Amino acid sequence: MKLIIYGLAIIGGLTSLPAFAADPSWTKNLIDPHPLPDDFTLPMPCGGAMVFRAIEVPSEGGVLDDIPVQMGQTSADQGYSNYIHQSPLSAPFSSSKTGVKVYYIGKYDVTRNQYDAIMNNGTCPKADQAGQKAMNNVSWFDAQDFSKKWSIWLLQNAKKDLPKRDTSYGFIRLPTESEWYYAAQGGNKVSNTEFLEPTWPMPEGIEQYVMAGSELANGQVQTVGAMKPNPLGLYDMLGEVGQMMQDYYHLNRVGRLHGQTGGIVVKGGNYNFNPSDLNTALREEIPLYDANSNQPTKLATMGFRVVIAAPSLGSLQETNQAQSQFAELLQKSENISSDTHQLINNLKNQTTDATTKAGLDRIGAQLDSDARARNDAQTATMRAQIEASAALAMNIWEHQHTIQILEQSLSTLKMLNEKQKSGITANITNHKKIMKNSVEGYLDLIRQIADASSTIDKTKQFSMVITAFKTRQLDNLAFFADQTQNLLSTPKKQWTVDYVTKQISAIPAAQARDKE
């Protein structure tokens, strides 16, 4: 993004910020040492800027759509804090891709240069390489103040650079824990299996990705972006400084968060940790106020990064959509448990006691909630079935391809002795047996998808899975998922081993194989 020095504009209802004297010393390296073509950049006072990464979240497209994010670790060690649980996640902004929405998170921790550009009351301290270290020794309230002041400045001076949700412009805030965790683990860029690991994939070893430990960090904050990024292009998600969250800390009550609200949630560990002890499940509670100073807590090991967020309802139109989609979801839930709902209604008609009627209403509402949860689980299961069917179809193609090569070897290699021919023949027989079982398993998945509840929009689930495959540059699996969707549109009488085998065998290698 081209950098522009913005003048001050005042919008009614917003507090005016002081004018800033532009500082021309913000070189590209002070803004983004590792630029990528799809970075999103917002301007700051003094000629500065901050770079964000767009985080794709699977979505059917509705206002009320979200996904469950599995957070935490299965180990009971520090389970009271870090144990596995689910948290819902959605994103506010539309995308050019189908099947996803996006939110934006800072590519790096907020640096001292960036913090000073916002917080120094109209002056512009010189931006330099020393200011490229992550900002630390700030409180949660300081981070909130930074977010507020920058949001106001953007709305006054660079509103058109902000992403919009319908008619509402975005604003700056700290990330929620689920937003941070999803982005840290690699989001839509990693497989479901990789997402459940303690950290994102680190093929070169954790020491290449994490600024922590005595050898690398030397007991102090270092320059941001010095290590390798995670799959989404985010730097220093572990180590460097601990990152403060927007939401408050809660203990874990074996699979769900406890009801008491505590202090600050800080994620990612910090530079004092041993790198091998760091993982994305780690969460610390830091008191809002320091018991010794009686002031807001500030730590040398604690900093922050920000996200671009938006109102949940960006316009009257979205409010109407939310109302309509809620009614649709409620109707689906009531249909799932229609017999029980009818019984509850009959009981309500037979009683005049207000307390009994209120109790029956609560039972009905709980039934609707349970039915919605079952429908959500079935939807997630369908997406997993689509992914599995694509992988199985690719596996079937590979077996066919191997069989063809072996059969050609038998027919063309005249120098083979009888023992070698017998070995190849046995290999072909084994591949055919495995392939037949794979095709039967593939057809079983097809039937399960076809027989799923009519309340699930299959077209949207395929779209979400195909987009996720393409995001991970698995175009071959995206192709096989599309083939699965095509098979579903054919008459069921064609769903046979011979038909599927013939269809998959006709796929050229250029589409069946990973281009890498």
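Modeller: Start with Arg-53, whose bridge partner in E5 is Ile-105. Strands here are DSSP runs of E, at least two residues long, and helices are runs of H or I, at least four residues long, both numbered from the N terminus. This is a predicted model, where local features need pLDDT of at least 70, side-chain atom pairs count only at pLDDT 80 or more, and totals for chains, interfaces and linings use all residues. Residues are numbered from 1 along each chain as its sequence is written, and side-chain values use heavy atoms, with hydrogens and water left out.

Now widen the view. Strand E2 (residues 49–58) and strand E5 (residues 100–106) run antiparallel, joined by seven bridges. Two strands count as paired if DSSP finds at least two bridges between them. E2 and E5 belong to an open sheet of five strands, in the order E1-E2-E5-E13-E8. Its pairing is antiparallel. Which strands lie at the edges? They are strand E1 (40–43) and strand E8 (171–173), and each pairs on one side only. From one strand to the next, the twist averages 40°. Angles are taken between N-to-C directions and run from 0 to 180 degrees; axes are lines fitted to C-alpha atoms, for helices over the stretch in contact. Contact means heavy atoms within 4.5 Å.

Helix H4 (residues 140–157) lies across E1, E2 and E8. H4 runs at about 170° to E8.
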